[in-house]
Structure formats: C-alpha cells, structure tokens
Amino acid sequence: MRSWRNWQTRKTKDLVSPGHAGSIPVDRTKRIALESAILFLCRKGRDKTMRLFVYSLREFDEKPFFEKFCRKYGVEYGFTTQTPCLENVELAQGYDAIDILTTVIDADMLDRFAEIGIKYITTRTIGYDHIDVEHAAKVGIHVSNITYSPASVADYTVMMMLMGLRRIKHIMMRTDVQDYTLKGKIGGELHNCTVGIVGTGRIGTTVIEDLSGFGCRIICYDPYPNERAASLAEYVSLEELIEQSDIITLHAPATEENYHMINRETISRMKDSVGIVNCARGVLIDSDDLIEGIESGKIGFACLDVVEHESGLYYFNRMGEPLNNPKLAILRSYSNVIVTPHTAFYTDEAVSNMVENSIIGVVNYFEGK
C-alpha cells in the first residue's frame, strides 16, 4: 500500500493580512493599495487573464468562495451546476482550465477537452482516481488535486468510531418508536480499545492526534512512516494491525494495491466484533465480504462514509427513486451499520480550502511555478 502522498499546490504566501502590514494597522486606502500590489504579483508573468471553467459548482456554499478567491488571484471564471459529460464539454470552450469534483473523466472526455483547448484539470478533491491521468498526459492535459483541512475528516472519523462503539444508530432507531429500555443498547469505551489506523498521511496522522487524548492503544500501518505519527502511535505490519485492532479505520488511497484490502480473508483474521470505519475510498472494502462479516457477527459495527459504486448516487437527491446500488441498500438496513453520503470532508473551512487550493494550483501552473 502506498502512503497517501497528497500533491500540495504551492500556495502564494500572503504578503499582508487585511488591515495589517506585519503588525502595523493600516487604513482602508493603504489596504487597497497593498491588496492591489498582491494581485499584481499574483498576475505577474501572465500574458492574459487566466480563464477557469467550474463544473458541478454548488451555488449554496462554493460560489461565494469562488467569487472571493478568483477576485483575489485575478482569475476569470465561468461555471455550471452540471457535472461534466460529453454533452456539455463545449461549455468550457474558450477557457484555459476546468475545475471538477468526483465525476469520472475518461479518455473520451479528455480527448474532447483537449480538442477545445483545455490545458489543465484541477479536481476539488484529495483523491484523483476518477481521472484517467495517463491519458490526460498523452493529450497534453495536466492534472492536479488539492488538500484541505485534515481535521474535517479526522474529527468525523472519531465521531463515527464513538457512534459505532456506543450503538447510536440502534439507540436512535429504538427511541423513534418510543423504546426507552436498556436491553441491547450497551456499548463499549474507547480507552479499552486498540485502534488501528491504516494510512498515516495528513488525515490519518490527525486521527492519531485526536485519539491520543482518549487513552486507547493506537497502532498504525503505512509503508512510509512519519515522525509525528510515530511519536503518538506504534507502527506495526498490516497483518499485525488486522489481528490486534478492536477498531480499524481506513485512510489509504484507492490504488490498485489497495483494492479490496478489506476482504473475506482479512476479515477472518480480525478480532471478533471488530469495528470498521471507512472515510477514505469505497473500493478499499469488498462490499459482499463486508456484508458476510456483518451477518455472521464477526464484524460488530461498520461506519461508512464511502461505499463502492457511489458515483452518480452521492451528492444527488434521489428521493422517490429506486436505489440502483443493492449492496448499499443492504448495508443501510443493518442497525449496526452507519452510512453517510461522503460528507466527512464537509466543513466551512474545508470547502474554502478546496476552492482556493484548486485555483492556486491552476494559477501556479500557468505562471510556470
């Protein structure tokens, strides 16, 4: 398994914070002059205004950030709320780059984008497995992903652990029908658990930091250890982690090596009543084997912010429609399985980071940085 080595777009350092030059207050006139100077420096080296077309823009939360940061970095942008597809490629005609979310961008779409002059694709996500990066390189399109606050996913992960450990879904379901008894609702305590973290990139390491205050034993696995994680947790082999953990949380990328790393064989070696948390990528878990483990009682709880084949389902309102993911339907039916629609990242700070860093990556590329 490879470490989640996120490509970090190089951010232009703020020369001055609004209203201050170092620690010296400045009036509005000076501030405007300073901000103009910053914009000049950001634009220096560009022959023309860089044009960015944004797909899948959420007007209710992302648009204010695009307005703010495109103005800050001197970028002209257009947008659509539609996801990119062959039928709407032409919307990006005349733009230099496109900004996307999790829609699959395959070879056919890349060919069309290259034909209309797109030179750069930035995805407002950490993962980029939805883009055929090899074909993108062949047609001369550069690709980048972004980073955002690791605390967003890390905090959510710990929340999911606690909810699973304390049987919150079952308790809430029983409360909804006015069953206020205690039978069947007893939970566990985190300080009595060994928690295994698979992947110690920025998010995995932040999970370790969060857990360090709970008093639990923390073990972790990553082929590329880092000092911060090692100072708070014990690095072990993946085999040892699988066998020793009471709760396993996944923070690994969707690589070929990691595909279905949680499967019938690995589940069989886990502790009885193990808890599994996945806020990373759905393909890390074989859904059929997970269902088998839950129904056999081997798996005590599962908390899933991601699932296999979520594309085309998550981030859409499918009320009243047949659910075209039968494995998801089965998983949702269990009282010891919590399913959320890929929202672990979703905080105000993370959304701001996603938008700004996607713009910075494009600007840096066209300025040759």
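**A predicted model in questions and answers**

Student: In what order do the seven strands of the open sheet stand?
Tutor: Strands here are DSSP runs of E with at least two residues, and helices are runs of H or I with at least four, both numbered from the N terminus. Two strands pair if DSSP finds at least two bridges between them. The pairing in this sheet is parallel, and its order is 10-9-8-11-12-13-14.

Student: How many helices and strands does the protein chain have, and what share of its residues is buried?
Tutor: The protein chain has 13 helices and 14 strands. A residue is buried under 20% relative accessible area, exposed over 50% and partly exposed in between (1.4 Å probe, protein chains only). Of the 369 residues, the buried share is 50%.

Student: Which residue of strand 9 stands opposite Val-195?
Tutor: Strand 8 (194-198) runs parallel to strand 9, and five bridges join them. Strand 9 covers residues 217-221. Opposite Val-195 stands Ile-218.

Student: Which residues of strand 8 are buried on each side?
Tutor: In a regular strand the side chains alternate between the two faces of the sheet. In strand 8, five of its five residues are buried. Val-195 and Ile-197 lie on one side, and on the other are Thr-194, Gly-196 and Val-198.

Student: At about what angle does helix 7 run to strand 8?
Tutor: Axes are lines fitted to C-alpha atoms, for helices over the stretch in contact (heavy atoms within 4.5 Å), and angles run from 0 to 180 degrees between N-to-C directions. Helix 7 (residues 202-211) lies across strand 8 and strand 9, and its angle to strand 8 is about 165 degrees.

Student: With which strand does the direction of helix 11 make about 140 degrees?
Tutor: Helix 11 (residues 287-296) packs on the sheet and touches strand 12 (274-278), strand 13 (299-304) and strand 14. The angle of about 140 degrees is with strand 13.

Student: In what order do the five strands of the other open sheet stand, and what is the average twist?
Tutor: The five strands pair in parallel in the order 4-3-5-6-7. Strand 4 (75-79) and strand 7 (142-144) each have a single partner strand, so these two stand at the edges. From one strand to the next, the twist averages 20 degrees.

Student: Which helix lies across strand 3, strand 4, strand 5, strand 6 and strand 7?
Tutor: Helix 2 (residues 63-73) lies across strand 3, strand 4 and strand 5, at about 155 degrees to strand 4. The helix across strands 3 to 7, running at about 155 degrees to strand 6 (120-123), is helix 13 (residues 348-366).

Student: What is the relative accessible area of Leu-52?
Tutor: Leu-52 lies in strand 3 (residues 50-54). Beyond its neighbours within four places in sequence, its contacts include Phe-66, Tyr-95, Ile-359 and Val-362. Leu-52 is buried, and its relative accessible area is 0%.

Student: What is the volume of the largest pocket?
Tutor: On a 1 Å grid over the protein atoms alone, a pocket is an open set of points with protein on both sides within 12 Å along at least five of seven lines; a cavity is a set where a 1.4 Å probe fits but cannot get out, and lining residues have an atom within 4 Å of a point. Grid points are joined across faces, edges and corners, and a volume is the space filled by probe spheres set on the points. The largest pocket is lined by 43 residues, with Glu-310 and Ser-311 among those nearest its centre. Its volume is about 1,100 Å³.

Student: How much space lies in the largest cavity?
Tutor: There are three cavities of 30 Å³ or more. The largest cavity holds about 230 Å³.

Key
Residues numbered from 1 in each chain as written. Predicted model: local features only at pLDDT ≥ 70, side-chain atom pairs only at ≥ 80, totals over all residues. Heavy atoms only, no water.
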